[in-house]
Amino acid sequence: MSTEYQQLKDVYDHERERCEESRTRLNRARNRLYIATLATIDVYVTNAIPTRIEPLGIDFGQLEARNIVPLMSLVSAYFLLVYIAREFQFQAAMVALKLTGQQLNSNTGSLAPSEYRKDQAAYDRVILLLGAAGRRFLAVLLTVVPLLLGLLAILIGLLPTEMEWLKSTLVATEGSMQ
């Protein structure tokens, strides 16, 4: 094995680790954004706010939804910004990994099968099965839906009276499902 190949392989391994770490951070940010936005929407629609958290000894007194929803939407805005930053970091890490892999393949012919991770191979099979339309749909689900939910939570906090249509729609939908 040549020194150049080993150096490229070390860079590739480093980029792969960086990409995996970035993916983990992105998933955490996406989950936190979902929790914050869904909690904001839930409090706005149901007006359900805990008045006391007994195990922690916290007593909120008489909070009203109209007072806490703007604060919750600020939290959602923060998590939306974190999510956007993590998405950009992940995309940059993916580009770096692909470029490093291409450079490694052009110098050696191709990666040896032992260097191609099994979980990456399984992911590649799923992506191939989905096809182009499936990949686009998956990208929309994983990228656009969190963005839209975050923006909705911010709008609820900034314009609660203008967003009454959402509350009436969700309550009507819930009633028709029963």
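The model is predicted, so local features are reported only at pLDDT of at least 70 and side-chain atom pairs only at pLDDT 80 or more, whereas totals for chains, interfaces and linings use all residues. Residues are numbered from 1 along each chain as its sequence is written, and side-chain values use heavy atoms, with hydrogens and water left out.

The protein contains four helices and two strands. Helices (H or I, at least four residues) and strands (E, at least two) are DSSP runs, numbered from the N terminus. Along the sequence, these elements follow the order α-β-β-α-α-α. Of the 178 residues in the protein, 30% are buried. Here buried means under 20% relative accessible area, exposed means over 50%, and partly exposed lies in between (1.4 Å probe, protein chains only). The protein exposes about 12,000 Å², of which carbon and sulfur atoms supply 62%. Accessible areas come from the Shrake-Rupley method with a 1.4 Å probe; for residues, only the protein chains shown count as cover. Among the contacts with a separation of 6 or more, 80% are between residues 24 or more positions apart, a contact being heavy atoms within 4.5 Å.

A nonpolar core is a set of buried Ala, Val, Leu, Ile, Met, Phe, Trp, Tyr and Cys residues joined through side-chain atoms within 4.5 Å. The largest core has 15 residues, and C19, Y83 and L104 touch the most other members. Helix 1 and helix 2 (65–108) each supply at least two residues of this core. Apart from neighbours within four places in sequence, Y83 is in contact with L26, A29, R30, L33, L142, T143, P146 and L147.

T37 belongs to helix 1 (residues 3–46) and is buried, because its relative accessible area is 0%. A polar atom of the T37 side chain lies 2.9 Å from the backbone oxygen of L33. Beyond neighbours within four places in sequence, T37 is in contact with S76, L149, G150 and A153. S73, in helix 2, counts as buried because its relative accessibility is 5%. With neighbours within four places in sequence again set aside, the contacts of S73 are T40, A153, I154 and G157.

On the surface, V140, V144, L148 and L151 form a nonpolar patch with about 330 Å² of accessible area together. Patches are made of residues with over 30% relative accessible area and no salt bridge; like charges are joined within 9 Å, and nonpolar side chains (Val, Leu, Ile, Met, Phe, Trp, Tyr) within 5 Å. One of the patch members, V144, lies in helix 3 (residues 118–158) and is partly exposed, with a relative accessible area of 35%. L159 is placed in the loop between helix 3 and helix 4 (164–177), and is partly exposed at 35% relative accessibility. Although L159 and P70 are 89 residues apart in sequence, their C-alpha atoms are 9.1 Å apart in space.

Side chains of opposite charge can pair when their charged atoms come close. The structure holds four salt bridges, a salt bridge being a side-chain nitrogen of Lys or Arg within 4 Å of a carboxyl oxygen of Asp or Glu. K9 is paired with D13, with the closest N and O atoms 3.1 Å apart. Because K9 and D13 are four residues apart in helix 1, about one helical turn separates them. Both K9 and D13 are buried. A salt bridge also joins R18 and E15 (3.2 Å, N to O), which lie three residues apart in helix 1, about one turn of the helix. R18 is partly exposed at 35% relative accessibility, whereas E15 is buried, with a relative accessible area of 11%. E21 and R25 form a salt bridge in which the closest N and O atoms are 2.8 Å apart. E21 and R25 are four residues apart in helix 1, so they are separated by about one helical turn. E21 is partly exposed, with a relative accessible area of 41%, and R25 is partly exposed at 35%. Salt bridges with shared partners link K9, D13 and R16 into one network.

Key: Polar contact = N/O pair within 3.5 Å; in protein donor to acceptor, adjacent residues only side chain to side chain.
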